[in-house]
Amino acid sequence: LSASVYCRQEMANTSTMLGTLLATVRRTGYYQEQLAAMGALKNLADEPANMLLMTNTTDCFPTVMQISNGVYVSNLESCTEQIKLYARDTLAVWSHWMKQIASHGSPRQHQQQQQHQQQQQQDKENQDLQRQQQQ
């Protein structure tokens, strides 16, 4: 479900979803479940609307940081690297969204600003064309 772009925000807003995923990620010895839970967290992080919810969820950011450093990860080497990779990717995505918000506001605001600038440019070009036609 978390792989579908259309339900990521709704999933993250489900009351116990993030807590359950985090608890599963912290359960050592269940490497397949850990991998699935960390993969779901990674997918949920790809939705910019979820960043605030995820970073405000108790222990979400610290758990992902610890997972990226190998804490809570099972002893199976191949799975360990995959889980850590998912956690690092989640941190990179959060970093990307933070940078976007810091430099442009929310992604929607940035898109609206670009559209406004394009409209202004188009209006200016139309005015210049009208002036040329009047001469």
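Visitor: Is Ala-40 buried or exposed?
Guide: Ala-40 counts as buried, because its relative accessibility is 11%. Buried means under 20% relative accessible area, exposed over 50%, and partly exposed in between, with a 1.4 Å probe and protein chains only.

Visitor: What kind of model is this?
Guide: This is a predicted model, where local features need pLDDT of at least 70, side-chain atom pairs count only at pLDDT 80 or more, and totals for chains, interfaces and linings use all residues. Residues are numbered from 1 along each chain as its sequence is written, and side-chain values use heavy atoms, with hydrogens and water left out.

Visitor: Where is Ala-40 found?
Guide: Ala-40 belongs to helix H3. Helices (H or I, at least four residues) and strands (E, at least two) are DSSP runs, numbered from the N terminus.

Visitor: How many residues apart in sequence are Ala-40 and Leu-18?
Guide: They are 22 residues apart in sequence, and 9.5 Å apart in space, C-alpha to C-alpha.

Visitor: At what angle do H2 and H3 pack?
Guide: Helix H2 (residues 17–26) meets helix H3 (residues 31–45) at about 140°, and their axes are 8 Å apart. That makes H2 oblique to H3. Axes are lines fitted to C-alpha atoms, for helices over the stretch in contact, and angles run from 0 to 180 degrees between N-to-C directions. Angles under 35 degrees count as roughly parallel, over 145 as roughly antiparallel, 65 to 115 as roughly perpendicular, and the rest as oblique.

Visitor: Which residues of H2 and H3 make the contact?
Guide: On the H2 side they are Leu-18, Leu-21, Leu-22, Thr-24, Val-25 and Arg-26, and on the H3 side Glu-33, Gln-34, Ala-37, Met-38, Ala-40, Leu-41 and Leu-44. Contact means heavy atoms within 4.5 Å. By class, the contact of H2 with H3 has nine nonpolar, two polar and two charged residues. Ala, Val, Leu, Ile, Met, Phe, Trp, Tyr, Cys and Pro count as nonpolar, Asp, Glu, Lys and Arg as charged, and the others, Gly among them, as polar.

Visitor: What about H2 and H5, at what angle do they pack?
Guide: H2 and H5 pack at about 30°, with their axes 11 Å apart. They are therefore roughly parallel to each other. Leu-22, Val-25 and Arg-26 of H2 make the contact with Cys-60, Thr-63 and Ile-67 of H5. By class, this contact has four nonpolar, one polar and one charged residues.

Visitor: Changing topic. Which residues does Thr-90 touch?
Guide: Thr-90 touches Met-38, Leu-41, Lys-42, Ala-45 and Val-64, not counting residues up to four places away in sequence. Thr-90 lies in helix H6 (residues 77–104).

Visitor: Why does Thr-90 count as buried?
Guide: Because the relative accessibility of Thr-90 is 0%.

Visitor: What is the phi of Asp-59?
Guide: Phi of Asp-59 is near 70°, a positive value in a residue other than glycine. Most residues other than glycine have a negative phi. Asp-59 sits in the loop between helix H4 (50–56) and helix H5 (60–68). Asp-59 is partly exposed, with a relative accessible area of 40%.

Visitor: Now the chain. How many helices and strands does the secondary structure come to?
Guide: The chain has seven helices and zero strands. Of its 135 residues, 33% are buried.

Visitor: And what does the accessible surface of the chain come to?
Guide: About 8,800 Å², of which 48% belongs to carbon and sulfur atoms. Accessible areas come from the Shrake-Rupley method with a 1.4 Å probe; for residues, only the protein chains shown count as cover.
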